Amino acid sequence: MRPFVIKEHSTPGGKINLPGDKSITHRALIISALSRGKTIIKNFPFSGDILATLGALAALGVKISRSNKGVLVRGLPPRGLLGPKKPLFMANSGTTIRLLLGVLAGQDFQTRLVAGKYLSARPMARVNIPLRMMGAQITAKNRGHDEYPPIVISGNRLKGISYRLPVASAQVKGAILLAGLSAEGKTRVIEPVKTRDHTERMLKAFGAKISVNGNSITLNPGKELTSPGEIYIPGDISSAAFFLVLASIIPGSHVTIRSTGLNPGRSGIINALKRMGAKIKIVYSKRKGLPGFEPAGDLIVTGSSLKGTVVSHEKIPALIDELPVFMVAACFAGGRTVIKGAGELRVKETDRINSMLWNLKRMGADIRVFKSRGGEKIVINGKARLKGAKLKSFGDHRTAMSMVVAALAAEGKSEIDDLSCINKSFPGFLTILNTLLEGKLCAYPRKKRGD
Ligand code: S3P
């Protein structure tokens, strides 16, 4: 592990395309595997988390190959998955383990799911509880009031449930809906706050009988899913967020991010930055292909001077993964930014409240966290400037990329201990960033003596 050095940099400019959206691709892979026919997934992101889902499906007997058009998945007939010979390795992908638990709940074999270091510390009761209510047998490691991987799941004949989610979670919603595909009777999920609806849209595209009424989603099983043939995955808005913030906080920047996913359940970062005064123009792509599928468009962002804003707790799910880099934006804004109900950040790949406060304080930010009635509240008094410092990724991809953005906009030199975790979601991050900085990105591994 060699630390990266990053120096203050001048204006980012140019046009970029981003790899396909991670959340959508997990669903595309899983639902293609459960459907009749072949599916070609285009703009496929070969990131660590996605390879975890792909590897697990392959171990369950799904044939997946690479073609010149994209990734080809040959769907299996209902109940066609095979019991794996070895435990399935989930790497550190929360979406992989939670969605697959939903799939495995209705299979007639037992599976042991093992996880990497970070995922092994993430709570799983939120998904195990409703799946048990549907009939799955699940054992997991118990610690305190929660459950953690490794998990052993024995599939069963499931029955549909009506379940009100205690925590707003698209992963848990997705798991219940996927389990509902093989359950007897309809399954209903009621969300406290709307979360990303990628599972619902993907199921619809494959012909599932699913309807949405406000915050309530109902799935009627029994209809065999059929592949639409081809799926184009729009660019990942969570990856775009780093460039949106970078270009917004560096004066004179002009960056176009082409064909980015603009699902309303994910666009919170755009809305929040716009409220802060960011100059972001959206050019929606003309709808081609699957009706009702994921909206997408180009984002054109230019440097601006930002002012503080308030993010209320019901807006959190729409920008949960972008909050780390949003905190960076708030540090460069004039005035106070308040992020309410941010507690879920504590149970991501790492405790992202802790990782971001640790780093940003070292750079001189005025950032504090308070316990409040609606959970935890982060308050940032923007200073319009940060200074370079020795930083840590905490093994978390989004903390790492957020700190690269902060370091590029800060005064002086920063050092980040390890950027390899970026591969989890966005292996090409530094390369794409470099194209916006005319190939002059000052991020290089510091040489060790003797190198
Ligand atoms: C995801 C949902 C979110 C998000 C995660 C991906 C998904 O998690 O933080 O990175 O693909 O469904 P929760 O559903 O736990 O909020």
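Predicted model: local features only at pLDDT ≥ 70, side-chain atom pairs only at ≥ 80, totals over all residues.
**Entry 1: two helices**

I began with helix H7, residues 237-249, and helix H12, residues 429-436. Two packed helices are described by the angle between their axes and the distance between the axes, so I looked up both values. For H7 and H12, the axes come within 11 Å and cross at roughly 30 degrees. Angles under 35 degrees count as roughly parallel, which makes H7 roughly parallel to H12. I also noted the hand of the crossing of H7 and H12, which is right-handed.

**Entry 2: who touches whom**

Next I asked myself which residues make the contact between H7 and H12. From H7 I listed Phe-242, Phe-243 and Leu-246. From H12 I listed Phe-429, Ile-432, Leu-433 and Leu-436. Sorted by class, the contact of H7 with H12 has seven nonpolar residues, with no polar and no charged ones.

**Entry 3: a sheet**

Then I turned to an open sheet of four strands. Reading across, I found the order E4-E5-E3-E16, with mixed pairing. Which strands stand at the edges? They are E4 (63-67) and E16 (230-232). Each has a single partner strand, so one side of each is left without a neighbour in the sheet. The twist averages 20 degrees from one strand to the next.

**Entry 4: the E4 and E5 pair**

Last, I followed E4 to strand E5, residues 70-74. The two pair in the antiparallel sense over five bridges. As one example to find in the structure, I wrote down Lys-63, whose bridge partner in E5 is Arg-74.

Terms used. Residues numbered from 1 in each chain as written. Heavy atoms only, no water. Axes fitted to C-alpha atoms, helices over the stretch in contact; angles between N-to-C directions. Parallel < 35°, antiparallel > 145°, perpendicular 65-115°, else oblique. Left-handed = near helix turned anticlockwise from the far one by under 90°. Contact = heavy atoms within 4.5 Å. Nonpolar A, V, L, I, M, F, W, Y, C, P; charged D, E, K, R; others polar. Pairing = 2+ DSSP bridges.
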